[in-house]
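Subject: Structure handover and notes

Hello,

Here is the structure you asked for, with the sequence alongside. My notes follow below it.

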Amino acid sequence: MSGTIAKPDRLTCAPSRAARELDLKRREFDLAVNLGLIRTVPDEGGGGLRVARAEIDRLRAGDGFPDELRERVATSGTHEGAGLLGVTPARFTSLARFGLLVPVTFYLNRYRTVVWLYLAEELRQFAAEESNARLLKGRTPAQIREGQKDGLDRRPRNWRGRHIGFLTRQAGDDAWARAAAVACLLDPAEVAEVVQDPYERAHLNRRRPRLPAHGTPGSPAAERAETLMTASEPDAVAWFRADLAHTMETARRQHPAPRPAPASPSAPEPRATPPVPAGDRPGTPDRTPSHGLLGWLHRRGRRRSG
């Protein structure tokens, strides 16, 4: 026997471990967390979110596990989604671009083309609504056709609107976390105009939630994704700015942003020492003429002038 004492099981586990125990792919797990299907707790070490073992046990004990949980996070792209609605892919795209179908996530394929994904459960509900029958059959409504001609595409802003809901729900009552969630979807220049204090902006950056990663930071794919995730429409930017300003007021009341400690009072300046005559300085030869020499020079000058 080695004498090593086994450590007790931890009360929480990392997201990767939780995903494995729940028989979910990591993408499915992240979506389940965003949708509120899996409750998380903050990592005390500052490493993000963790999942309590009690939460894992609750989900595993549920009826139909794991199929029911997987079904609730199942997503569909354009072609599969069109099949669920009973329409052509072109019509599905026109409905989504007009904003009637809201994407839940997206990714960029190897050609850096954006692939929007939708909750399959929501698509089935959309198809079942009688009021949507006119959108799925017959001629496409004129308003949607006009939007197509004008290049209207509400998918990015609808994704942002949905994602901010995910982030603010996870932030809970923490006003700084809620403000950081709003700020992460705004251009930094817009944030700087609303939050002019540099210490407050630094605190927001520290609380900034992690947005979905798409490619290596700085790569064309990552830059394309960042553009999609940043509010650009004037009305959307105005809404996010107003929300950020309002949330910042609450955050300041909760507790001010950390600031450097004030500098300690400086020591009193030493008294100025009167200058020492050159002749009195140690090691300095006396260069002051004697009175006898001055008198001799003065008398000599008078004789020459006379």
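In these notes, two residues are in contact when they have heavy atoms within 4.5 Å. By that rule, and leaving aside neighbours within four places in sequence, R70 is in contact with D23 and L24. Please keep in mind throughout that this is a predicted model.

R70 lies in helix 4, which covers residues 67-72. Its relative accessible area is 34%, so R70 is partly exposed. One of its two partners, L24, is 46 residues away along the chain, and the C-alpha atoms of R70 and L24 are separated by 7.1 Å. D23 counts as partly exposed because its relative accessibility is 36%.

**The chain overall**

The protein chain has 306 residues, of which 33% count as buried. Its secondary structure comes to 16 helices and six strands. Of the contacts between residues at least 6 apart in sequence, 69% join residues at least 24 apart. The chain exposes about 20000 Å², and carbon and sulfur atoms supply 52% of that area.

**Helix 10**

Helix 10 runs over residues 155-171, which makes 17 residues. From its first C-alpha to its last it reaches 24 Å, close to the 24 Å expected at 1.5 Å a residue. The helix is mostly covered, with twelve of its 17 residues buried. Among the buried ones are R155, P156, W159, R160, H163, I164, F166, L167 and A171. An α-helix has 3.6 residues a turn, so residues three or four places apart point the same way. Just after helix 10, G172 takes a positive phi of about 65°.

What does N158 touch, not counting residues up to four places away in sequence? The list is G99, V102 and P103. N158 belongs to helix 10. It counts as buried because its relative accessibility is 18%, and the cut-off for buried is under 20%. A polar atom of the N158 side chain lies 3.5 Å from the backbone oxygen of G99.

**Helix 6**

Helix 6 covers residues 89-98, and its buried residues are R91, F92, S94, L95, A96 and F98. The elements that cover these buried residues include helix 5 (78-85), strand 6 (114-119), helix 7 (120-128), helix 8 (133-136), helix 9 (142-149) and helix 10. The ring of F98 also has a charged neighbour: R154 lies over its face, at 5.1 Å from the ring centre.

**Aromatic pairs**

How many aromatic pairs does a search of the whole structure find? There are four. One of them is F106 with W159, an edge-to-face pair at 5.4 Å centre to centre, with 80° between the planes. This pair links distant parts of the chain, since F106 is in strand 5 (residues 105-108) and W159 is in helix 10, 53 residues apart. F106 and W159 are both buried. Another edge-to-face pair is formed by W239 and F240, with 5.2 Å centre to centre and 85° between the planes. F240 counts as buried because its relative accessibility is 5%. F106 and W159 also belong to one aromatic cluster together with W116.

**Backbone points to check by eye**

Most residues other than glycine have a negative phi, and most peptide bonds are trans. A few places in this model depart from that pattern:

- D23, which is not a glycine, has a positive phi of about 55°. This is the D23 that is in contact with R70.
- R112 also has a positive phi, near 60°, and is not a glycine. R112 is placed in the loop between strand 5 and strand 6, and it counts as partly exposed because its relative accessibility is 42%.
- F65 and P66 are joined by a cis peptide bond, with omega about 0°. P66 is found in the loop between helix 3 (53-60) and helix 4.

Regards

Key. Residues numbered from 1 in each chain as written. Predicted model: local features only at pLDDT ≥ 70, side-chain atom pairs only at ≥ 80, totals over all residues. Heavy atoms only, no water. Helix = DSSP H or I, 4+ residues; strand = E, 2+ residues; numbered from the N terminus. Expected span 1.5 Å × (residues − 1). Buried < 20%, exposed > 50% of the residue type's maximum accessible area, 1.4 Å probe, protein only. Areas by Shrake-Rupley, 256 points an atom, 1.4 Å probe, with all protein chains shown as cover. Polar contact = N/O pair within 3.5 Å; in protein donor to acceptor, adjacent residues only side chain to side chain. Phe/Tyr/Trp six-rings, centres within 6.5 Å; stacked < 30°, edge-to-face > 60°. Lys NZ or Arg CZ within 6 Å of the ring centre and 35° of its normal.
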